[in-house]
Amino acid sequence: MLRNLLTTKSLAAITPLACMLISSSASAEDGYQYKMQSTTVTRSSATPASTPTEEMPEIKYELGKQPLHLHPGGASNEATIQDFPISKGLAGVSMFLKPGGLRELHWHANAAEWAYVIAGRCRITIIDPEGHSEIKDFGPGDVWYFPRGHGHSIQGMGNEECHFILVFDSGYFSEFATFSASDWLAQTPSEVLAKNFGMSASAFADFPKKEVYISQGPVPQTLPSEPPPESENPPPLTHQFHLLSKIPVVTAGGSMTLVDQKQFPISTTMSGAILKMKPYAMRQLHWHPNADEWQYYIKGRARMTVFGSKGRKITREFGPGDVGYVPMGNGHYIETVGDQECEMLAVFNAGDYQEISLSEWLAKTPKQVLETNFGVAPSIIDSLRKGSTLFSKPTGPVSIPN
Ligand code: MN
Ligand code: MN
């Protein structure tokens, strides 16, 4: 590694490092002899905090500004790894369905689907490998989770457009991995379909010749009371969760409503949350040990900074329709911009939600460790160790009542 450093970086870049190459021992600046290492590289306390070795990848994608793919019953645009290279672990789609618009029967070969309804109403159908089927109606604040490969459809209902955000636990979900029923039928000879369904080949003459994706049909009627009669074999675990019926965690700076597999057992590979941040508040410094974070900004504006180790960081401002991404383990914080509340959807590619808060860590670490670590006065260390509150209180030109 040191050889690489010496050959690929300029001398100026390594000047802050005191490099010692001694076969059996090495001495530090204070004269202490290290006997165990054959090669020691010590970092001077004067090392600048920022000596970037490479750029941080882009963390923002303006999904809402991308051209919509228009279909008879609706429209969509997507953020995949092709346009947003950082998003290897999660990708998303913003989809609109008109009343009666149908996102056709399909499945995803390489990803589970986690969705949040922003506006309007829709009905889903799903089938699992045991033959369980479920038909459920969704409204604003509802979440669904479809395990990888399970067949499903989505249909707009009511009298207004339905808008929902689909999130997949693979950045590669889109190309060559979303399989549509109409595409498969179009690619299969009618003689084969005749054998499969026990019908005449001529019966398939009018089927679509290519993938339908979204089509327009009649607005579905209200379902009868539970369980719906169409669902004769309901699954042991439902695919539906009413996220906004949950009581959020509320602090002075904002609130967070979270669902993971503890409350929604079918969602074994994904979890998600709605965060509402007051003006001039801040989501505190934290990271997620087990998951990437995919964000969709719904209302208001916020500025996020992601810390990528080795002096690397990137800050971007987000508004409605923008997508943000935080790779697993990267430290981050989010500050509300302006005098409006900011509402954001955050989705994670792990069934168990995990986070570590920097302030909680410092509060639970012995003072002497922190004094040695940071080399500052004990009184400053005392005021550092306050514990975590998820959101910092609003501190801006506007005073927000708690
Ligand atoms: Mn889907
Ligand atoms: Mn986070």
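Let's start with Trp-107, a residue that is partly exposed, its relative accessible area being 25%. Keep in mind that this is a predicted model. Phe-179 is partly exposed too, at 34% relative accessibility.

What do these two residues do together? Across the whole structure, a search turns up 14 aromatic pairs. One of them joins Trp-107 and Phe-179, whose rings are stacked, with 5.3 Å from centre to centre and 10° between the planes. This pair ties together distant parts of the chain: Trp-107 belongs to strand 9 (residues 101–108), while Phe-179 sits in strand 16 (residues 178–180), and the two are 72 residues apart.

Now for Phe-197 and Phe-204. Their ring centres are 5.9 Å apart and their planes meet at 35°, so this pair counts as tilted. Buried or exposed, where does Phe-204 fall? Phe-204 is buried, because its relative accessibility is 8% and the cut-off for buried is under 20%.

| Pair | Centre to centre | Angle between planes | Type |
|---|---|---|---|
| Trp-107 and Phe-179 | 5.3 Å | 10° | stacked |
| Phe-197 and Phe-204 | 5.9 Å | 35° | tilted |

Rings can also link up in a group: Phe-138, Trp-144, Phe-146 and Phe-164 are joined into a cluster by ring pairs.

Finally, a look at charges over rings. Which ring does the charged end of Arg-103 sit over? That would be the ring of Tyr-213, with 3.8 Å to the ring centre. Arg-283 lies over the face of Phe-391, at 5.9 Å from the centre of that ring.

Key. Residues are numbered from 1 along each chain as its sequence is written. Chains are lettered from A and ligands numbered from 1 in the order in which they are written. This is a predicted model: local features need pLDDT of at least 70, side-chain atom pairs count only at pLDDT 80 or more; totals for chains, interfaces and linings use all residues. Side-chain values use heavy atoms; hydrogens and water are left out. Rings of Phe, Tyr and Trp (its six-membered ring) pair if their centres lie within 6.5 Å; planes under 30 degrees apart count as stacked, over 60 as edge-to-face and the rest as tilted. Helices (H or I, at least four residues) and strands (E, at least two) are DSSP runs, numbered from the N terminus. Buried means under 20% relative accessible area, exposed over 50%, partly exposed in between (1.4 Å probe, protein chains only). A charge sits over a ring if NZ of Lys or CZ of Arg is within 6 Å of the ring centre and within 35 degrees of the ring normal.
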